[in-house]
Amino acid sequence: MVNVPIYRGSTIVSESALEAAVCKLEGGFRSILFPSGQFACTHSVLACLKAGDAVLISDGVYSP
């Protein structure tokens, strides 16, 4: 059996039409697509923090 190759998320470029399609399917207002679930979690947390803030996170917060 051959493993699926790993692709870097930062090198995949797509139009915003994919985000619009997901948004429409989910019945949302806006959507942002991320290359991984961990990056989506990180982006959400960083949106609420400012420079100098501290965050305590358990080891099991993201377990793919």
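**Fold and surface**

Modeller: This is a predicted model, and its chain has two helices and zero strands.

Biologist: What percentage of the residues count as buried?

Modeller: Of the 64 residues in the chain, 2% count as buried. The accessible surface of the chain is about 6300 Å², and carbon and sulfur atoms account for 60% of that surface.

Biologist: Which residues form the nonpolar patch on the surface?

Modeller: The patch consists of Val 45, Leu 46, Leu 49, Val 55, Ile 57 and Val 61, which together have about 510 Å² of accessible area.

Biologist: Where is Val 61 found, and why is Val 61 classed as exposed?

Modeller: Val 61 lies in the segment after helix 2, which spans 37-46. Its relative accessible area is 58%, and Val 61 is therefore exposed, since the cut-off for that class is over 50%.

Biologist: Changing topic, how many disulfides are there?

Modeller: The count is zero disulfides.

Biologist: And how accessible are Cys 41 and Cys 48?

Modeller: Cys 41 has a relative accessibility of 42% and counts as partly exposed. Cys 48, at 66%, counts as exposed.

Biologist: Lastly, where is Ala 21 found?

Modeller: Ala 21 belongs to helix 1, which covers residues 17-26. Ala 21 counts as partly exposed because its relative accessibility is 37%, and that class lies between 20% and 50%.

Biologist: What distance separates the C-alpha atoms of Ala 21 and Ser 31?

Modeller: Their C-alpha atoms are 9.2 Å apart, and the two residues are ten residues apart along the chain.

Definitions and conventions:
Residues numbered from 1 in each chain as written. Predicted model: local features only at pLDDT ≥ 70, side-chain atom pairs only at ≥ 80, totals over all residues. Heavy atoms only, no water. Patch = residues over 30% accessible without salt bridge, like charges linked within 9 Å, V, L, I, M, F, W, Y side chains within 5 Å. Areas by Shrake-Rupley, 256 points an atom, 1.4 Å probe, with all protein chains shown as cover. Salt bridge = Lys/Arg side-chain N within 4 Å of Asp/Glu carboxyl O. Helix = DSSP H or I, 4+ residues; strand = E, 2+ residues; numbered from the N terminus. Buried < 20%, exposed > 50% of the residue type's maximum accessible area, 1.4 Å probe, protein only. Disulfide = S-S within 2.5 Å.
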